[in-house]
Amino acid sequence: MAIYRALLLACVLGMGALHAQTRAATPTATPEVLSVDMREEIVRTQATVTDLYGRRETKTLPITVYRPAGEGPFPLVVFNHGRAVAAMRAQQGRYRPDAAARYLVGKGFVVLVPNRIGYWETYGDFDPENNGSCASPRIEPMSLAASDQVLATVEFAKTLPYVDASRWLVVGQSVGGLTSVATVGRAPAGLLGGINFAGGTGGEPEAHPGQPCAPHAIARYWGGLAKNAKVPMLWLYWENDKYWGANVPKTWHQAWVDGGGQAVLATFGPSGDDGHGGLMTDMDHWVPAVDAFLIGLGFTAPAIPVRPVATAFADLTDATQVPVRSEFQAAYAKFLTLGVPRAFAVGNKGGYGYARGDYAMGRALGNCQRQGQKCALYVVDQDVVWTAP
C-alpha cells in the first residue's frame, strides 16, 4: 500500500548515489540498473482479472525475476507489492524488493515479483483492486483479482526451466500481504506456505492513523476463508503501523485462527515513523523470524550474514589498505563519517558497497554484489574484519 520511504546507499563499483528501493517511476524513466548478481530481469505474461463491478479484462502482467546462480530448478517465491494511497498511485513504479529478494535468493528461491494490473505499465482506467466505499468495503473481489495474478505468475513459472513450480510460497506486503492470505485461502497446488508483511486494506495513514476503514470486513472475510487453508503462514506487523495500528492486526489474526487457519503472529516494536514499511526498514528483526519459518518448511540454506571477528589486517582509518581500486578510497573515507551500525564490503573486482542502519551487513554485501562481483565484509561498525585471501 505504501510506496516505501526507505532510501538505501547503493555505492557499487564507484556508483555512490542514493537509490530508492521502490522509487516512483514511469515506464519512460531512465532505465534502472539491474542487480546482476541475482540475474534480475523483467518478463511479461498475460493475466485475466475481474473487478468489483464485474468488468473482466486480460492485460499484460510484468514480472521482475530474481534468481540464484546455477540452472536449478529452484523452488519459487511469488512476492507481492502493496498499494499506494490514491494521490500517489499514478507514480507507483516497478516494484523492486531488492534487499528482501537477495535474502530469499540466498535461501535458494527464484523470486518472481508481479507488478499487478492497475499499477506501473497498466495504470489507467481499470483498477481491479478498488474495493468500494470506506464504510462498506468489499474485500473478496479485490482479493481474488490480486490472487488470480499470483496464480497466473505460477502458471508462467511452470514454463521456466530453472523454476520448480511444484514447490512455492506466496509473500507480500500491505495489499500484497492481503494477497498472500487470499492465495493461501484458495489452497492452490504446490503451495507450501505464506508470509504476510503488514497485510490489509483500507488504511488512512494521514487522516486517521491506525484506524483503517471497516476492519471487521477483513476479519469476517479472512475468518471465512481460513477454513479452506491448508498450509502454515507467518504474519508480521509493527506496533506503529499508521495503516492498521497495533491492535487491529491481532483481531484479524484471531479471526484467521478461529476459522481454522494456521498462522504465527510476530509483532515488533516501532520502526521508523511508520511501521507499515517494516519490510524495508526493520530487516534486523523480521529476517530471523522469516528464517525460522523457512527452516521449519525445510529451507535450511544459511542466508543471514554472520558478523566476522575483528582482525588486525589494518588500522580502521587507513584508506590506503582497503582492497579497492584507488579511486574508491575517498568513498571509504566518507563511509568512516557514518555512525554505527554500519558495514563496508569489498569485491574481488576492486569495487565496494556500504550501508548504515538496519541490516547493515546484508545491505552492504548486496550493494557490493549487485554488479556481479564476489564480496566480503571489510568493516563492521568500528572493526576491520577482513582477512586477505
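The legends below describe close-up views of a predicted model.

**View 1. Salt bridges of Arg55 with Glu57 and Asp125.** The structure holds 19 salt bridges, and this view shows two that involve Arg55. In the pair Arg55 and Glu57, the closest N and O atoms are 3.0 Å apart. The side chain of Arg55 also meets that of Asp125 in a salt bridge, at 3.7 Å from N to O. Arg55 lies in the loop between strand E3 (41-50) and strand E4 (56-66), whereas Asp125 lies in the loop between strand E6 (110-114) and helix H2 (139-157), so this pair ties together parts that are 70 residues apart in sequence. Arg55 is partly exposed, with a relative accessible area of 30%, and Glu57 is likewise partly exposed, at 23%. Asp125 is exposed, at 64%.

**View 2. A salt bridge between Asp98 and Arg102 within helix H1.** The side chains of Asp98 and Arg102 form a salt bridge with an N to O distance of 2.7 Å. Both residues belong to helix H1 (residues 98-106), where they are 4 residues apart, about one turn of the helix. An α-helix has 3.6 residues a turn, so residues three or four places apart point the same way. The relative accessibility of Asp98 is 3%, and this residue counts as buried because the cut-off is under 20%. Arg102 is also buried, at 12%. Through shared partners, salt bridges join Asp37, Asp98, Arg102 and Arg370 into one network.

View 3. Of the 9 residues of H1, 8 are buried, so the helix is largely enclosed by the rest of the structure. The buried residues are Asp98, Ala99, Ala100, Ala101, Arg102, Tyr103, Leu104 and Val105. Strands E4, E5 and E6 are among the elements that cover them, and so are helix H6 (278-281), helix H7 (283-296) and helix H9 (360-369). After H1 comes Gly108, which has a positive phi near 105 degrees.

View 4. Lys107 is located in the loop between H1 and E6. Its relative accessibility is 4%, and Lys107 is therefore classed as buried. A polar atom of the Lys107 side chain lies 2.9 Å from the backbone oxygen of Phe299. Neighbours within four places in sequence aside, the contacts of Lys107 are Asp291, Leu294, Ile295, Phe299, Thr300, Ala301 and Ala303.

**View 5. The open sheet of 8 strands.** The strands follow the order E3-E4-E6-E5-E7-E8-E9-E10, and their pairing is mixed. E3 and strand E10 (263-268) stand at the edges; each has a single partner strand, so one side of each is left without a neighbour in the sheet. Neighbouring strands of this sheet are turned against each other by 25 degrees on average, direction ignored. Strands of a sheet pair through backbone hydrogen bonds, either parallel or antiparallel. Strand E5 (residues 74-80) and strand E7 (residues 163-173) are paired in the parallel sense, over 7 bridges. Val77 has Leu169 in E7 as its bridge partner.

**View 6. Crossing of helices H2 and H3.** The axes of H2 and helix H3 (residues 175-186) come within 8 Å and cross at roughly 80 degrees. The two helices, H2 and H3, are therefore roughly perpendicular to each other. On the H2 side, the residues that meet H3 are Ile139, Met142, Ser143, Leu144, Ala146, Ser147, Asp148, Val150 and Leu151. Their counterparts in H3 are Val175, Leu178, Thr179, Ala182, Thr183 and Arg186.

View 7. Strand E11 (residues 342-347) and E12 run antiparallel and are joined by 5 bridges. Within this pair, the bridge partner of Phe344 is Tyr354 in E12.

Conventions:
Residues numbered from 1 in each chain as written. Heavy atoms only, no water. Salt bridge = Lys/Arg side-chain N within 4 Å of Asp/Glu carboxyl O. Buried < 20%, exposed > 50% of the residue type's maximum accessible area, 1.4 Å probe, protein only. Polar contact = N/O pair within 3.5 Å; in protein donor to acceptor, adjacent residues only side chain to side chain. Contact = heavy atoms within 4.5 Å. Pairing = 2+ DSSP bridges. Axes fitted to C-alpha atoms, helices over the stretch in contact; angles between N-to-C directions. Parallel < 35°, antiparallel > 145°, perpendicular 65-115°, else oblique.
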